[in-house]
Amino acid sequence: TSSAGSPHTPKGQQLQQPRWGHGTPPHCCRRAVATVIPKLTIVDPSRPERVRKFENLFRRVFRVRRRPDTDGTPWSACAVFCNLAKALQHCGEKAPGILLLFPASYSDVPRSGPTLMFERELEIVGASRDPSVTQIHTPVKFAGPFQKVRNVEFRCAVQCFARTHFENCIFRAGVVFRAGVDHLVTHCIVTGGWRSGIMFYPSANGVVEHCEIFGNQLAGVELQSSMPTKLFGNCIHNNSSAVLVTHEAFAVISGNDIYAHRAPSIVVKTKANATIMENKMHNGSWGLLVKESATCLFAKNECSDHSHSAVFLQSLAAATILFNRITGGRRGVVVTTQSGSPLIEGNVIKESARCAICVKNNSSPLLRRNVIQGGRWGIVVQSASHAEIAENEICHNSKPGICLRSQSTAAVSRNLVHHNASFGVLVLEDASGTVIANEFYENRHWAVSVRSTSSTKITSNYIHDQRRGLEGNLSTILLNRIECWGIGSRDADEGSAAELEPPDTREDALL
């Protein structure tokens with residue numbers, strides 16, 4: 001406060017500088033001693049000499065003036081305490097305050113119970129930029145109208161019941177948001193959660209950004225809130241799952257690095273809704289699992305090297321899979337949902353150990369404009385499913401580009417199928433379909449081979465530079481342009497029907 005006066009001090013009258021410590025007011029304010037409000041509260045549990053040192057350091061701000069918006073209660077600019085529990089009884093009592101914690105290990109237990117309660121509007125700041133030197137061991141509850149926390153390590157359970165911002169903090173036992181909106185967790189480390197590292201209950205939402213989240217028992221982040229919750233730019237690894245979206249929650253997950261999880265990296269279930277974009281997901285068991293009537297948009301992600309599937313759609317899931325790049329792993333996309341028509345469009349799926357896309361269990365997806373190459377099987381439709389396969393490029397696979405089996409049907413149209421080391425299209429086991437307006441070339445065996453008792457319609461295809469053209473039970477062949485340089489019976493190296501069938505998967509049992 002300037003000595004030249006202020007709008008609330010008569011001109012020319014100087015504020016008195018006290019010769020006492022700990023914010024005791026001057027003689028004119030003695031009747032208000034019990035209601036002094038510290039604006040800055042310092043907690044330093046070290047030697048008393050250091051307390052006096054900081055008291056002298058802040059001597060210039062030990063000024064007292066009357067607040068215009070109250071009944072004249074004076075407030076002090078600074079107070080110093082050696083105990084965190086006692087400091088909480090004074091800081092921010094009637095106005096927002098700052099609680100400055102010097103490096104120490106705080107295990108203070110208040111008289112009111114085993115939990116530290118932050119019930120006032122307050123900013124808690126660790127004096128060091130290294131949060132590991134300022135540790136709180138007593139369980140904490142934040143219940144004030146709005147609180148900010150910086151540079152603190154919590155070696156205890158943390159619960160938030162009102163709007164709270166955390167920056168540059170370490171959570172060793174996770175953090176739970178039970179209520180309140182617009183929470184923020186930024187540039188933090190979250191580990192050691194007995195359930196999930198960060199958990200949002202149905203009545204809370206917020207933003208988690210630029211954090212490292214690892215080593216939690218269930219999930220890195222668990223979302224149950226129907227209000228939008230955003231995860232951006234985080235590194236989430238070595239949990240059971242990275243993100244669990246459940247109980248009709250709504251989540252936006254973007255720009256995260258997700259890897260090394262034992263269970264599916266992202267799980268969306270129980271009528272939840274998630275938008276998942278531009279993430280890197282790699283070196284896990286599964287990438288994305290959508291089930292139990294959940295809805296998901298999965299777009300522009302990079303998935304690689306999963307031991308099972310990069311994307312698994314299960315049990316009434318409604319998903320849109322767009323413009324992703326899926327490399328390596330056991331399978332690219334597995335569809336077992338029995339409702340709606342999931343859209344799988346514009347994806348690049350390469351080098352899958354089993355099959356790029358597997359459709360089964362009475363599913364009916366739309367597969368359009370995908371590039372499938374360099375794997376074993378291209379697209380497999382089985383178990384009484386129906387698929388629309390259109391405008392895809394399927395090439396350089398070691399097994400058939402498209403395989404229909406087990407009473408399934410498919411509409412195969414306007415695809416480019418080439419350079420596969422086996423068949424272009426193979427139809428087995430009472431499967432049937434239509435093969436219309438496709439281009440086949442330089443596949444090792446037949447462009448289309450029908451080894452099913454059901455009928456298959458083959459119309460308006462262009463087959464060239466092929467060793468074989470069409471073969472098998474062909475009910476309708478119409479307007480095809482066939483330019484094959486060799487025609488003959490089935491070669492011995494083409495294998496039997498049993499050898500050509502894709503092996504059954506065990507992913508349903510694992511999930």
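Predicted model: local features only at pLDDT ≥ 70, side-chain atom pairs only at ≥ 80, totals over all residues.
His210 is partly exposed, with a relative accessible area of 35%, and by that I mean the band between buried, under 20% relative accessible area, and exposed, over 50%, using a 1.4 Å probe and protein chains only. His210 sits in the loop between β19 (204-209) and β20 (212-214), where strands are DSSP runs of E with at least two residues, helices are runs of H or I with at least four, and both are numbered from the N terminus. His210 also has a positive phi of about 55° although it is not a glycine, and the background to this is that most residues other than glycine have a negative phi.

Residues are numbered from 1 along each chain as its sequence is written, and side-chain values use heavy atoms, with hydrogens and water left out.

Asn361 lies in the loop between β39 (355-359) and β40 (366-368), and it is partly exposed, at 28% relative accessibility.

Now to the protein as a whole. Its secondary structure comes to four helices and 56 strands, and of its 511 residues 54% count as buried. The accessible surface comes to about 21500 Å², of which 50% belongs to carbon and sulfur atoms, the areas coming from the Shrake-Rupley method with a 1.4 Å probe, and with only the protein chains shown counting as cover for residues. If we take contact to mean heavy atoms within 4.5 Å, then among contacts between residues at least 6 apart in sequence, 38% join residues at least 24 apart.

Which residues have the most contacts inside the largest nonpolar core? They are Phe154 and Phe166, in a core of 97 residues, where such a core is a set of buried Ala, Val, Leu, Ile, Met, Phe, Trp, Tyr and Cys residues joined through side-chain atoms within 4.5 Å. The largest share of this core, four residues, comes from helix α2 (residues 84-88). Leaving aside neighbours within four places in sequence, Phe166 is in contact with a list of residues including Phe142, Phe154, Cys160, Phe171, Phe177 and Cys188. Of the cysteines in this part of the chain, Cys160 is buried at 0% relative accessibility, and Cys156 is buried as well, with a relative accessible area of 5%.

Another cysteine, Cys358, lies in strand β39 and is buried at 2% relative accessibility. Cys358 and Val335 are 23 residues apart in sequence, yet 6.2 Å apart in space, C-alpha to C-alpha. Not counting residues up to four places away in sequence, Cys358 touches Val333, Val334, Val335, Val380 and Gln382.

Let me turn to a buried asparagine. Asn347 is found in the loop between β37 (343-345) and β38 (348-350), and at 1% relative accessibility it counts as buried. What does the side chain of Asn347 reach at 3.1 Å? It reaches the backbone oxygen of Ile321, and at 3.2 Å the side chain of Asn347 also reaches the backbone oxygen of Glu345. Both are polar contacts, that is, pairs of N or O atoms within 3.5 Å, in which, within protein, one atom must be able to donate a hydrogen and the other to accept it, and residues adjacent in sequence count only if both atoms are side-chain atoms. Beyond four places in sequence, Asn347 touches residues including Phe323, Asn324, Arg369 and Asn370.

I will finish with strand β51 (residues 446-451), which is mostly covered, six of its six residues being buried. Strand β48 (residues 425-428) and β51 pair in the parallel sense over four bridges, where pairing requires that DSSP finds at least two bridges between two strands, and in this pairing Leu426 stands opposite Ser449 in β51. Strand β51 also pairs with strand β54 (residues 468-472), in the parallel sense and over four bridges, and here Val450 stands opposite Gly472 in β54.
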